[in-house]
Each structure stands twice: as structure tokens, then as C-alpha cells.
2 protein chains.
Amino acid sequence: MLTPERQQLILETVKKRHTVKIKELVEQTGSSESTIRRDLDQLEQAGELRRVHGGASIQTSASDEPSMSEKSTIYTPEKEAIALHAASLVKDGDCIFIDAGSTTYAMIQHLKGKDITVVTNGLNHLDALSEHQIKTYVLGGLVKHRTRAVVGTGALQTLKQYRFDICFIGANGISLNDGFTTPDPEEAAIKRETLLQSKNRYVLADASKFEEVTFSTFAELQEADIITNHQGLPLDSYRDKTTIKVVTP
Amino acid sequence: MLTPERQQLILETVKKRHTVKIKELVEQTGSSESTIRRDLDQLEQAGELRRVHGGASIQTSASDEPSMSEKSTIYTPEKEAIALHAASLVKDGDCIFIDAGSTTYAMIQHLKGKDITVVTNGLNHLDALSEHQIKTYVLGGLVKHRTRAVVGTGALQTLKQYRFDICFIGANGISLNDGFTTPDPEEAAIKRETLLQSKNRYVLADASKFEEVTFSTFAELQEADIITNHQGLPLDSYRDKTTIKVVTP
DNA sequence: TCAAAAATAATCAAAATCTATCAAAAGCAA
DNA sequence: TTGCTTTTGATAGATTTTGATTATTTTTGA
């Protein structure tokens, strides 16, 4: 059996089964363990699969990259509940904006099957949107590596071309005095422009964001409704200024 | 058995079976091992197949699933060699465009440490670019799920804002009559516009792309240099029209 | 936690294959 | 035919791949 043939077989098996034992490959190819090991090393070198103790598995690159693992560690039922409600506001035919961020990311799976158009600046969102076959536009501009968001004047210009039925925005801080805030002025500019282009505006924020202020204000409280899981008292004072939908996990 | 007849038989066998052993060919043709070896060498020179220890295999290593079910890009030494040379053309301070596609993707790892700005329409590229801390701009526009490329008028408009020192473009077909071609008119438009915005223009194409024509022409041969691993005879007729750099794995 | 079991990396010699070389065979032109 | 070139097949030494064996590391399970 020739090397490419063997390696091809290994790749196909791994892709079909997501994980495979070395013993199985030895049996399947009739080659020795050493040979299979060498093949796996080469295939890993080439980035085709990932070596694990006892065999190999497919490159779950998306799920074990720091950005994504970070995301999964900060997954919570609270965010999930917020995302679920937000997604329920979307009707067929809508054109919506989904901001970069983990709460908004959680919305995507709940949009499956809807006939909508999505615009986003969140690069991590694109995989999930592709997977669900949702018509997607991405903003163009500078890629901010840390948050996997597109920012900058290029993105702002792209934004001006669009009008949204609904936009879903993330925020790092919400306060009575300073409104909605986020650490990065560049990202704030995107959020601000998006709000201007949208008929319906929602900020998605879990309880931890309330009474917090970060560097850049991107909107006053009046400019968007809030979807949150916060159930505490202080909420009443916010209700004077905007509409708040409280969800429970 | 005549040489062309023998080589034709070899080619057919390789294309049908994806990989073939020298012993089998000796038996099949009744020629000696030496003769078969010489045939394989010639066919490899012409870019028709790839020589491997013990026999030969087709170039695209049989995993012709162009769809993006897995994010694994099909790796071949040929593509790698092309990518390596392409990357060597990039100098510190350059602003370059990298087209979507697997050959151009392979360039990225070789750009590590260079002080450059990259613009791309390839969404898969972004992870690798982030990883290497390369300043990156992404085109905005419609996300084409199958090829993970950004296309459409939005992307074209974004493009017009940039000027590139060098651009590296992929092509699915290269022919004397029809120039550079690609299946999707939308992607062709992006490639066309990019070429217009660039001082130096390179098309990256492995041997299998020569003498092929697909749906949309995006440039004449004169409009870009070619980097390839193809070493066959027909290359001379192309050299009348453009510059070709041949690399070996 | 520790020790047994499993898996791995490193090493090495045998086997297979490769490259280079050369002489014989075949084809070709005069 | 003769002399020349090209193709072919055979051979020997170099190289690569392979599978077995070893010591080392990792995992498992009490």
C-alpha cells in the first residue's frame, strides 16, 4: 500500500468517524503501528488532523481555539435565555444586524430555518451562520484579533449601505448616567452607527453588566431596548428611560 | 509498446485509481522498471502526476471535496512550494492582497514576523493571520458559504479604497485563449478589481490548472505573472505572453 | 496516591525502492 | 548495410521506508 493511499484512507476514516484508534488503522491498512504513527505525525504536521493519545481526531479547530474556548467557558444558561428571546423577535424576511460577542453568538442557533438576512461584524459568528445556511453579509475593515470583530472606518462605511429591521448589540456596561458603554472606541463607533440604521434596537446584557461603566459610551438608555436576566430592584429606575425585557433561564 | 501509449496507460490508471505502484505498471505494460521510472519522471515534470515512493499518485491527493464541510485545506507539497515562493516576494512595509483559496492560504504561515498589512476576502485566512499577529483587513460583503469567500458589490466597493504593493490571486483555469478563469462570476469580479489596484500581480496555480477553462475570465495572461509547479512543454507558449516562475517541491 | 497497563518516542536493522550508470537493443538516415 | 542516436533493461550503491524492539511517558484503575 502506497503512502498517499494509506494517508488518504486515514483521513477519510477520521473525517467520517471524527476519531479513530491506531489499532483500527493498523488493522484496516495492514501496516505496522510504527508506520501508522509516522503517517499520523505527518498528517498532523500538514494540519489535516489532530493527534491524540491512542489515535487521532479531526481538527476541531474552531472549538479549541482560545477565542472559542474562552467563549464556551463564558457560556451560561442566562446568556442562552437572553439569546433565545432575542431570536424569537426575528420574523421571516427581516434583515438584522448581529453584533460581535458571545451573547449575540448564542442567538444564531435559534435563527435556524428562518428566511432572513444577517449582517455582522463578528467573525466567529460566520461559521455558525454558514452552518445554518443563513444569508450573511460581513462588514469590511480592520480585523481586531483579540475579539474577532471587524472595526474601523472601513466597517463604518460598509455599515452605511445597510438598513436593518432589527439590530442586536452587546454592551459591557449599562448605567443610568452613562448609558451603554464598551471598552473599545472603535467598536463603540460601530455600535453607534448600527443603532442609527435600525428600526428596532435591542441591547443584550446579562445581569453583570448593570451599574457598570467602561470607556466609550455608544448610546443613551433611551436609544435601545434591553433584554436581560437581571431581576434586581434597581431595574425600576432604568424602566423610566427604556423598555426592559427580563427573561429567566 | 510505444512510449506515448505507455504513458497514456499510466495516466489513465493513476487518474482512475488515484495511486498506483510501479510493480503494477511493470506487470501491466510488460516494460522494465527502469522504463516505467523514466515515464513517471517525465509525467511528473509535465505536472501530470506526482511521484511518490513506490509509485505515483494524482496531485490533488484524491480529497476533491471542494465544499467546506471541514475547514481542512487540502495540503500538497506543490501548493506549499508555490506558497513559499510567493511569500518570499513580500517585503516589510508592503500592503498585500491575498485571495481566498487553499494555495494562497498556505502563504500565510510563511509571512510570520513580517511587518506587513494584509487585505483578504478569504474568511478561512483570518484565523491564521490572527495567529501570526499580522495586521489584517477583511473585505465586507456577502459571505459565500461554500468557498468561505466574501463576494458581491459590497466587497468591490471596499476594495476600491485600497491600493496594494502586491496581490496574490488564485485561478481555476489558465489557458492561452481564455486567460485566467474561475467558476464564479462574483469571485471573478473581485479578482479583476484587485488586479487593477495592485502594482505587482501574481496568479498562484498548480500544474492541474493549465489548459483548463472555467466559466468566468478575470484577466488576460499578460495582466499577471504566474507562479506554478508546472514544468511541461506547453509552458513555452505561455511564456510569450507572461512571466512564469516555476518552483519545485 | 501509586502501580499496572497502555501508548508513545527513539533507535536500528532489514527490506524495498531509488538514482546513476552503462551496455545492449532498437530505430533511423544515408 | 554502416554509423549514429534514442530507447531500453540491467546492475550496483545510495536512500527511503518499514516493522520490531527498546526505554520512556501517559493513562487508567484500584
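A:Ser175 has A:Gly179 as its bridge partner in S11(A). The model is predicted: local features require pLDDT of at least 70 and side-chain atom pairs count only at pLDDT 80 or more, whereas totals for chains, interfaces and linings use all residues. Residues are numbered from 1 along each chain as its sequence is written, while chains are lettered from A and ligands numbered from 1 in the order in which they are written.

Two strands pair if DSSP finds at least two bridges between them. A hairpin through three residues joins S10(A) to S11(A). In S13(A), A:Ala219 stands opposite A:Phe180. The strand pairings are listed here.

| Strand | Partner | Bridges and sense |
|---|---|---|
| S10(A), residues 173-175 | S11(A), residues 179-182 | three bridges, antiparallel |
| S11(A) | S13(A), residues 216-219 | three bridges, antiparallel |
| S7(A), residues 141-144 | S6(B) | two bridges, antiparallel |

The pairing of S7(A) with S6(B) links the chains, and in it A:Gly141 is the bridge partner of B:Val138. At the interface, 32 residues of chain B are in contact with 31 residues of chain A (C-beta atoms, placed from the backbone, within 7 Å). On the chain B side, the elements that give two or more residues include strand S6 (135-138), strand S7 (141-144) and helix H7 (153-160). That side divides into twelve nonpolar, 17 polar and three charged residues. Here Ala, Val, Leu, Ile, Met, Phe, Trp, Tyr, Cys and Pro count as nonpolar, Asp, Glu, Lys and Arg as charged, and the others, Gly among them, as polar.

Within chain A, helices H9 (residues 153-160) and H10 (residues 185-196) pack at an angle of about 10 degrees, with axes 10 Å apart. H9(A) and H10(A) are therefore roughly parallel (angles under 35 degrees). A:Ala155, A:Leu156 and A:Leu159 of H9(A) meet A:Ala189, A:Ile190, A:Glu193 and A:Thr194 of H10(A) in this contact.

Conventions: Two residues are in contact if their C-beta atoms, placed from the backbone, lie within 7 Å. Helices (H or I, at least four residues) and strands (E, at least two) are DSSP runs, numbered from the N terminus. Axes are lines fitted to C-alpha atoms, for helices over the stretch in contact, and angles run from 0 to 180 degrees between N-to-C directions. Angles under 35 degrees count as roughly parallel, over 145 as roughly antiparallel, 65 to 115 as roughly perpendicular and the rest as oblique.
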